[in-house]
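The structure comes up next.

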Amino acid sequence: MSGIQHKILMQKLSRQKILLSIILPAVLVTWIAIITCSSISIQSAYAQTQNSSSQAPASANQSLKIAYLTDGLFSDAGWGAFAYNAGQEIISKYGYEVSFLDNVSIPNIETTLTDYANRDYDIIIAQGYEWGNPVIKVAQKYPDIKFVVFTGQVKSENVASIFPRQQEAAYLLGALAGMLSKNHTIGFIGGDEKYPNLKNIYEGYKQGALHANSSTRVFETYLGDWDNESKGRSAALSQINEGADFLLQVADTAGQGVIQAAKEYGVYAFGAVSDQNKLAPETVVTSFVLDPIKAYDSIFKMINGNNFTGIIFTPGLELTKNSTNEDGIVYIAPFHGFQNKIPADIQANFSQLIQDVRNKKIIIPE
Amino acid sequence: MTLISGKLMYIGVISVIIIAVASYGLFFYFQRINETSIRESIFEQELDRQIKSTTSISQHIGSDLRLVTAMLQQLADSTYLQNEMLSGDNVTKLLEEKFEQLNTVTKVDSLLITDKEGIITNQEVSKGLKTFVNIDISSNEYMKQTRETHQPVYSNGFTGIDGKYRIVITYPIISIHDGHYIGTVAATLPSIQFFKNYGNVNDINSQFLVAFDTKASLLAVGASNDLVGKNFFGNETQRFINYNEVLNNLTHHLLAGNTGYAMYDYGRGERLNTQAPILVGSKPVYFLQIVTPTDRIYLKINSVLFSEGVKMFSLLTGTTAAIIVLVFLLRKWYSILQDEVKKRTSDLNKSNYKLMAANESLKTKDEAQNQFINIAAHELRTPIQPIINAIYLLQSPNLSQQKRNQYMDIIKRNTEKLGRLAEDILDVTKIESNSLKLMDEKIDLYDLIVNSIEDFKRNIQLIYKDLIVTYEGLDKPIFVKGDRLRLNQVMQNLLDNAGKFTKQGSITVRTQLESNMVKVLVRDTGIGIHPEIFSKLFSKFVTKSDRGTGLGLFIARSIVQAHGGRIWAESGSNVGATFIFTLPLSDQDSDEHNVRDST
């Protein structure tokens with residue numbers, strides 16, 4: 001600091017002292033008054049905030065702490081996305097607290113379950129067929145916790161499963177492909193053959209295709225991988241080269257590779273679990289969709305009624321998303337951009353088939 | 001004697017020390033007051049600067065948020081979205097472009113489109129992140145608000161599917177044809193990275209930034225990243241800030257939309273906190289605090305003060321050094337001056353002594369001169385009167401021849417005396433004016449002494465009939481260099497002097513050789529030398545004789561000394577006196593003598 005600055009400072013200080021001696025008392029009184037008032041008003045506002053934040057969600061019958069676990073990826077735009085959306089629906093519909101975990105490797109399923117069981121969750125929802133047996137095993141040690149396996153086929157005193165009849169929707173997609181395929185050749189690409197629900201989907205798809213056109217060829221490929229887009233793409237290219245012009249993929253992230261290949265080669269694809277038209281609006285004709293809003297209604301109905309029993313629910317087809325007068329949780333997504341491209345007679349036939357399946361006129365076995 | 005007395009000097013030194021200590025004490029006292037004033041002033045400046053800076057940063061953030069909103073509006077108003085094409089290649093391309101554009105403004109890690117049901121239909125994300133197409137985000141508060149209000153929303157913080165803490169800016173896609181809600185575009189911003197653009201969000205020890213959403217959740221906090229996502233008034237944060245009441249009140253004030261500042265210490269050092277709401281339009285959407293460890297400010301202030309202190313110290317040291325040097329020089333000068341005064345005083349004293357001595361000498365000379373004149377006048381008058389009387393008597397007509405001869409003899413004798421007196425006075429005058437000229441010839445002193453004795457005997461044979469004069473010295477030539485007449489005058493004076501004080505008895509003259517000198521002794525058996533005059537025996541006009549001029553011994557000493565010899569007297573009480581003088585032998589005589597001695 002230079003001497004001049006210092007001098008200015010001193011002069012300023014001197015002037016400030018004079019001013020302060022006059023103004024300070026007045027300012028002090030005003031300041032104290034303002035601080036007191038604002039302090040009271042802030043405290044009052046804060047108290048109100050605290051009161052309002054402590055209120056429980058209006059829709060919750062009781063507060064439940066839920067863990068939603070899956071080996072899928074929330075980012076797969078299909079199976080994993082369904083898990084996240086279902087959890088979000090539980091939060092918004094029931095007001096429960098939900099924790100999420102995706103990308104659990106198959107070998108770690110049991111330890112993950114045990115870990116969450118030890119963290120005082122009331123309900124543990126495990127999404128994926130592979131979770132069945134580990135859940136049964138862990139559930140025995142934690143009888144106070146309710147376990148739910150989505151797409152599972154296991155049950156015990158505190159374990160219930162939901163095994164949607166996806167083959168009914170797959171049947172409809174197969175029939176649509178059979179009606180639309182110019183080459184009378186369609187394909188199915190699945191993540192892993194050992195999953196019985198996947199096998200069911202394929203069988204339903206094949207049955208529907210043959211129902212529409214008995215000469216339709218149906219390719220069947222399993223990737224042995226759910227997350228590798230390249231594998232999905234390679235498998236799709238192989239089927240396209242064989243003449244397949246409609247492809248149903250049920251392979252999570254790897255399935256996006258199938259859609260990408262179909263888009264590149266101008267053939268069509270079907271989405272699975274979620275409406276995947278967004279991934280390629282010009283390629284994905286429609287999708288079979290699991291309805292997250294209704295998926296767990298039956299379970300929470302039992303829990304809230306204190307009559308939880310080890311049941312395997314097998315909800316089937318519903319007409320549209322969140323059809324309140326139906327038990328089904330599987331529906332066919334809108335055609336979006338294909339609405340005007342699919343001939344009306346085919347659309348009429350397709351609608352009729354939906355009705356027949358819903359009315360059990362057509363039964364698609366497991 | 002010194003110019004300043006010791007006591008005065010002591011008082012002076014003590015006074016200087018007291019004045020110096022008092023001056024330095026006052027200087028440091030005022031310096032301290034000065035420093036305090038400067039410290040307060042600089043702190044106020046820093047506070048003012050930080051308040052302005054905080055407002056400026058909040059305005060900057062608000063401006064960036066408005067810019068992001070404007071870009072989202074452009075996207076929502078694009079032809080594809082207006083035609084409800086929320087996915088597909090064209091939309092993806094548009095999304096990519098807009099995503100890149102947004103990232104030139106601030107860090108946006110995801111740009112997404114949802115349909116009217118809140119399901120993500122398309123998403124562009126930063127490298128390394130996953131897309132979440134088909135994820136239903138409709139239950140999020142910001143989506144509900146966007147859908148209900150058809151207005152852009154600046155969300156509170158939330159933890160995304162991937163666990164990252166973010167804020168979202170949404171913009172509704174509203175049909176420009178009929179105003180129906182088509183969906184939402186939204187940009188997600190990682191809260192820490194977003195606020196990092198505007199300040200430190202990692203280091204508690206520097207000035208850092210704290211950002212809140214409307215529910216007091218921490219979006220970024222430089223004090224600890226672990227607190228991000230936590231509610232400020234929640235237990236974890238409150239424990240961290242040690243339930244600091246000042247900070248809590250300040251934050252309440254901020255969340256009510258007010259600016260302000262406070263200082264507090266919640267156990268990690270004193271902090272200065274300035275705050276301002278982040279406004280978009282007139283609505284506060286987020287809230288900002290800038291927190292500075294005051295030790296940083298004080299460090300800065302101290303740095304300024306230290307710099308000033310060094311300058312002042314240098315000035316003080318320089319002045320002190322100059323004063324010390326000046327004092328030293330003055331003291332040195334004083335010392336030199338005192339020495340000079342001492343020297344001059346000493347010289348003056350010496351001169352005074354010399355002058356006094358000279359004065360005394362002059363007085364003595366003057367007295368001697370007066371005495372001389374008196375004596376000379378008396379001595380001159382003494383023979384004149386008998387001459388006059390004799391002349392008167394000679395003029396008598398009946399004067400016998402015997403009487404006539406007797407009177408003529410009186411005239412002759414007194415005239416001769418007058419003549420001797422005149423010669424003596426002339427000699428003394430010559431001696432005192434250093435104009436006595438001596439011959440430098442080889443003289444046989446033996447011969448001279450013997451002749452002098454003979455002359456003396458002849459002169460006194462009628463006056464002192466009972467006086468015996470003998471020579472008992474060397475009976476061979478003794479050569480000296482000098483003036484024969486003057487040395488004869490010395491011998492005559494000494495013999496005449498001895499005769500005057502002996503009258504009856506004997507006078508013995510001796511000669512002795514000593515080294516290269518010859519010693520001549522004239523011893524008498526007279527009345528001896530009166531003690532009163534012994535010490536000034538060789539001065540002028542000193543005599544106890546009623547006949548002498550008192551100049552004889554003075555003249556004798558002057559002649560002996562002029563020949564390189566010495567003269568002195570020895571006397572017992574009433575047992576006679578001995579006058580001794582020495583003369584250097586001439587070289588030849590000395591050699592001969594030495595040869596004779598050696599033979």
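Strand β6 (residues 185-190) of chain A runs parallel to β7(A), and 6 bridges join them. Within β7(A), F219(A) is the bridge partner of G187(A). Helices (H or I, at least four residues) and strands (E, at least two) are DSSP runs, numbered from the N terminus. Strands count as paired if DSSP finds at least two bridges between them.

This is a predicted model, in which local features need pLDDT of at least 70, side-chain atom pairs count only at pLDDT 80 or more, and totals for chains, interfaces and linings use all residues. Residues are numbered from 1 along each chain as its sequence is written, while chains are lettered from A and ligands numbered from 1 in the order in which they are written.

In chain A, the open sheet has 6 strands in the order β7-β6-β8-β9-β10-β12, with mixed pairing. β7 (217-222) and β12 (330-332) of chain A each have a single partner strand, so one side of each is left without a neighbour in the sheet.

In chain B, 5 strands form an open sheet ordered β13-β15-β16-β18-β17, also with mixed pairing. Here 8 bridges join β15 (residues 505-514) of chain B to the antiparallel β16 (residues 517-524) of chain B.

Angles run from 0 to 180 degrees between N-to-C directions, with axes fitted to C-alpha atoms, for helices over the stretch in contact.

| Helix | Angle to strand |
|---|---|
| α5(A), residues 166-180 | about 15° to β12(A) |
| α8(A), residues 252-265 | about 165° to β8(A) |
| α11(B), residues 484-502 | about 25° to β16(B) |

Methods. Contact = placed C-beta atoms within 7 Å.
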